[in-house]
Amino acid sequence: MTLAALRALAQAKLKAVGLAADHADAVAETMVAGERDGCASHGIYRLLVAAASVRAGVVVPDARPVVSRPGKALVRVDGGGGFAQLAFARGLPVLVEAARTHGIAALALNHVVHFAALWPEVEALAEQGLVALAVTPSHAWVAPAGGTKPVFGTNPIAFGWPRPGQAPFVFDFATSVVARGEIELHRRAGLPVPEDWGYDAEGAPTTDAKAVLDGAMRTFGGHKGSALAAMVELLAGPLIGDMTSRESLARDGGRGGSPIGGELIVAIDPAGFLGEETAAHLARAEAMFAAIEAQGARLPSARRYAARARSLAEGVVVPAALHAEIMAIGGA
Ligand code: NDP
Ligand code: PYC
């Protein structure tokens, strides 16, 4: 499919299940971006997830995000129970202005439903010359290192760094060993998962994708990923007055919707510390990137940018079974 056709399909299906037009457009954009960049777990498959959240009554389909300024360098968007994408779009220009004015600024998204990848957000900030960090909890699906019962969400951390004359340096990954969406895709394809991805409901290691989904996922990097997952809970939960992953799952109440809660995004203007020396110091960062690539190692986001270039030229391939499921999403 061409990206334009995919976008039109996503927008039409989201509107058909009852999502307001501005939400449908913002949500469709992130799904198309995921598919375009070869991120299947957060690509067009998420149309099924978003439609299910709307139908389960987890998301407010016509929520109006409200922007406020709790402090000079602080921005808050109350998403009113809607999807996070429109709340972020409303907060983005205000965050950029605040970061340029104060050197550093933070945006809290509150009361949003979140199922998306975070890289589009940090990439958008880095494209405007800002360093960016974004975190969000999800539902309690992940066991702490040393335990086997869920406490944390899959809790992604995304980072963006502006690069003069080229696409930003961006990474974005879950603090679980893998995103839950990846395990969902294994379950749908009838494939086993590696034994170190999670536990069954009795706490035993398993390669059965469904058993992991019903049991607990593991953090990446043992105690290190576990501590980072806790940090994400704290930064985008209690610190901004929003829910932890345990609270989000409890609020869902078995409806099977996407996580409900908050997100924290921090933006830093390099010129704040560096002033007229900004260009010289960004060039030193380029030397580090060059040293990585000189070894044959790749930078995070290099695969994504290559996939993007391919998709823009050739379109994307949507698996027939997934396309049929999408077409079966009816009206409201
Ligand atoms: P991965 O484990 O696939 O890691 C992805 C990141 O690592 C990307 O930045 C990727 O770059 C980079 N990377 C992967 N392999 C290499 C390599 N060999 N060398 C250098 N860099 C590499 O991602 P996850 O499964 O953990 O997460 C996938 C997505 O799920 C994320 O976008 C995340 O935001 C999303 N997510 C969202 C949640 C939510 O609550 N909203 C919860 C959990 C996850 P590249 O893209 O170029 O390959
Ligand atoms: O893949 O873990 C995940 C996820 C959770 C919320 C959105 N994506």
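Predicted model: local features only at pLDDT ≥ 70, side-chain atom pairs only at ≥ 80, totals over all residues.
Residues are numbered from 1 along each chain as its sequence is written, and chains are lettered from A and ligands numbered from 1 in the order in which they are written.

Student: Into which domains is the chain divided, and how far apart do their C-alpha centres lie?
Tutor: Domain bounds here come from an automatic or database domain assignment. The chain is divided into domain 1 (1-55 + 301-332) and domain 2 (63-177 + 218-300). Their C-alpha centres lie apart by 22 Å.

Student: Which helix gives the most to the side of domain 1 that touches domain 2?
Tutor: Two residues are in contact if their C-beta atoms, placed from the backbone, lie within 7 Å. The contact between the domains takes 18 residues from domain 1 and 20 residues from domain 2. On the domain 1 side, the elements giving two or more residues are helix 2, helix 3 and helix 12; helices (H or I, at least four residues) and strands (E, at least two) are DSSP runs, numbered from the N terminus. With seven residues, the one that gives the most is helix 2.

Student: What covers the buried residues of helix 1?
Tutor: A residue is buried if 20 or more other C-beta atoms lie within 10 Å of its own, exposed if 12 or fewer, and partly exposed in between, with C-beta atoms placed from the backbone. In helix 1, the buried residues are Leu6, Arg7, Leu9, Ala10, Gln11, Lys13 and Leu14. Their cover includes helix 2 (21-36), helix 3 (46-55) and helix 13 (320-327).

Student: How many residues of helix 11 are buried?
Tutor: Helix 11 (residues 278-294) has 17 residues and reaches 24 Å from its first C-alpha to its last. This is close to the 24 Å expected at 1.5 Å a residue, the expected span being 1.5 Å times one less than the number of residues. Helix 11 lies largely in the open, because its number of buried residues is zero.

Student: Which residues come nearest to ligand 1?
Tutor: A residue is near a molecule or strand if its C-beta atom, placed from the backbone, lies within 6 Å of it. The shell around ligand 1 draws at least three residues from each of domain 1 and domain 2, and strand 6 (166-173) and helix 12 (302-314) each supply at least two. Of the 27 residues around ligand 1, those that come nearest are Ala117, Phe173, Ala174, Ala179 and Arg303.

Student: Is glutamate 247 buried or partly exposed?
Tutor: Glutamate 247 is found in helix 9 (residues 245-252). Its C-beta neighbours inside 10 Å number 18, so glutamate 247 counts as partly exposed.
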